[in-house]
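Here is a friendly walk through one structure, a few elements at a time. Have the sequence and the 3D view open as you read.

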Amino acid sequence: MDIDSETKINGSGGGSGKANGVSNGNGDKKDERNKDHDFYFNFYSSLQNQANMIGDISRTGTYRKAILGNGEVAFKDKIVLDVGAGSGILSYMSAQAGAKEVIALEASSMAEKIDILVKAANSSKSNPHLKDRIRIVRGMVEEDKIQKQVLESGKVDTIISEPIGVMLLHERMVESFILARDLFLKPDGQLLPSAGHVFFCPFTDEGLYTETDQKAQFFNTTLFGTDFKELYPAARAEVFAQPVVGMFPPTSLVSTACAPKSFDFYTCTKEDLLEFSIPIDFVVHRTALIHGLASWFDLDFYPRQIPTSEDPAWNYPIQSSSNWQWMTQESPLNPGPTPIPPRDGLAVKLSTGPNAARTHWQQARLLLPEPLAANKGERLKGTISFKANEARSYDLTLNLEINRPGLEPQYANQNPLKRTAEYQLQQQCFNYSYNPDATLNALGMAAGI
């Protein structure tokens, strides 16, 4: 998901709550509260924004592989809940995997777009695999009346969702996913995704650092006759508190990522997501200026009982060599049939790391306002703390220091080996200076490929 990603749910009237209509719990009365005025829901009500997410082949192709590959254990003849259905793409895949009923829970007016497809299918105009299988509920997991509507068919066998944002947790949709698990999932039910893992690694990037500093320098001068220099410190604090979202070359990393912070979605609680700290410990591989920490995440799609063997037929690539080819003649958006699903399910993983195929989430970097100079072989230690805020995101605090014995007494007040910085995860800026697809193409042309 992510605002540059996928959608979650909001209300409309006029349906019975069954497969032939959108229900908001008020019968035929329109729900005036849910008009997509909220920017979050308004963003996800756009078909073009949905196209951006569907067109992320790594994301959508991985979900398809996880859903169809777990057809036998999690979908065939099952009741499935799609939390934050958006365009409904995961609901439609669940029906393809054999679900008896799919409850598409969507809070934005995108629910009305799902309803168009569902009505056409139920009247036998198109998509026979969806006929009488999709029940749309428009509203949020947190609403009592919505909970009653979801439970009309009893607790569900499987919950599918794409609740993910930058650094895994931005937009705080994972909390709704966990609440849905607690309210709606049978004790032995399945969750997809089943876990998420957040990674951090130090990087060096003089160009990005200089570019960011120059944004603040704009105010360090006289503008149209007024001296703005007094605003320069505030401008600098502002730009360096913004996480930078975009791809970066793996060669900019100066260490190996430390052990990730992992969230098992079968067992973690909402409280686990509200405030936590991640210890970080790196050994620097080369002498460099450390300009900050890079971050990415992995997702697991594992059935509750992880398969003990692999089916080689399912070991196929999600996509061709590059992402977002959906506007080209050879479109990967409508792939051929998958193999027969394994009887004991399929373990699938999605990585958004710098060595993985590009996704619409890309990666994130936290810039230090003042870089740290580290020598090859030195240890970099500290913590990064997350605290949920009211902007559907997190306030972050980074404490970082080089473990170089002997200097602490001399620099008791201002240790040049220590840095503390704060960030607002919702205030992201975007940097597209590195394109891995273009780099690969250039290398191929240079090699005569």
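Buried here means under 20% relative accessible area, exposed means over 50%, and partly exposed lies in between, using a 1.4 Å probe and protein chains only. S2 spans residues 79-83, and five of its five residues are buried. Helices (H or I, at least four residues) and strands (E, at least two) are DSSP runs, numbered from the N terminus.

This is a predicted model, in which local features need pLDDT of at least 70 and side-chain atom pairs count only at pLDDT 80 or more, whereas totals for chains, interfaces and linings use all residues. Residues are numbered from 1 along each chain as its sequence is written, and side-chain values use heavy atoms, with hydrogens and water left out.

S2 runs parallel to strand S3 (residues 101-106), and five bridges join them; two strands pair if DSSP finds at least two bridges between them. Within this pairing, Leu81 has Ile103 of S3 as its bridge partner. The chain gets from S2 to S3 through helix H5 (residues 89-96), in a right-handed β-α-β crossover. Right-handed means that, with the strands pointing away from the viewer, the path from the first strand over the helix to the second runs clockwise. S2 also pairs in the parallel sense with strand S5 (residues 156-161), over four bridges, and there Val80 stands opposite Thr158.

## The four-stranded sheet

Next comes an open sheet of four strands with antiparallel pairing, in the order S12-S16-S17-S18. Its edge strands are S12 (275-283) and S18, each of which pairs on one side only. From one strand to the next, the twist averages 15 degrees; the axes behind this value are lines fitted to C-alpha atoms (for helices, over the stretch in contact), and angles run from 0 to 180 degrees between N-to-C directions.

Nine bridges link S12 to strand S16 (residues 379-388) in the antiparallel sense. In S16, Arg379 is the residue opposite Val283.

## Helix H10 and its cover

Helix H10 covers residues 232-240, and its buried residues are Tyr232, Ala235, Arg236, Val239 and Phe240. They lie on the same side of H10 because they cover an arc of only 120 degrees around the axis, where the arc is that of the directions from the helix axis to the C-beta atoms. Pro233 and Glu238 are exposed, on the face turned away from that buried side.

What lies over the buried residues of H10? The cover includes helix H9 (206-217), strand S15 (364-374) and strand S18 (418-424).

Pro371 sits in strand S15 and is buried at 17% relative accessibility. Leaving aside neighbours within four places in sequence, Pro371 is in contact (heavy atoms within 4.5 Å) with Tyr209, Leu289, Ile290, His291 and Arg419. Pro371 and Leu289 are 82 residues apart in sequence, yet 6.0 Å apart in space, C-alpha to C-alpha.

## Cysteines

The structure holds zero disulfides, a disulfide being a pair of cysteine sulfur atoms within 2.5 Å. For Cys258, the closest cysteine sulfur is in Cys201, 7.8 Å away and therefore too far for a bond. Cys258 is buried at 10% relative accessibility, and Cys268 is buried with a relative accessible area of 5%.

## Backbone points to check in the loops

Most residues other than glycine have a negative phi, and most peptide bonds are trans. Against that background, a cis peptide bond joins Leu192 and Pro193, with omega about 5 degrees. Pro193 is in the loop between strand S6 (185-192) and strand S7 (195-203).

Arg172 has a positive phi, near 55 degrees, and lies in the loop between S5 and helix H8 (173-184). Gln362 also has a positive phi near 55 degrees; this residue is in the loop between strand S14 (348-351) and S15, and is buried with a relative accessible area of 10%. Asn389, in the loop between S16 and strand S17 (394-403), counts as buried at 9% relative accessibility. Beyond neighbours within four places in sequence, Asn389 is in contact with Arg172, Tyr394, Asp395 and Gln426.
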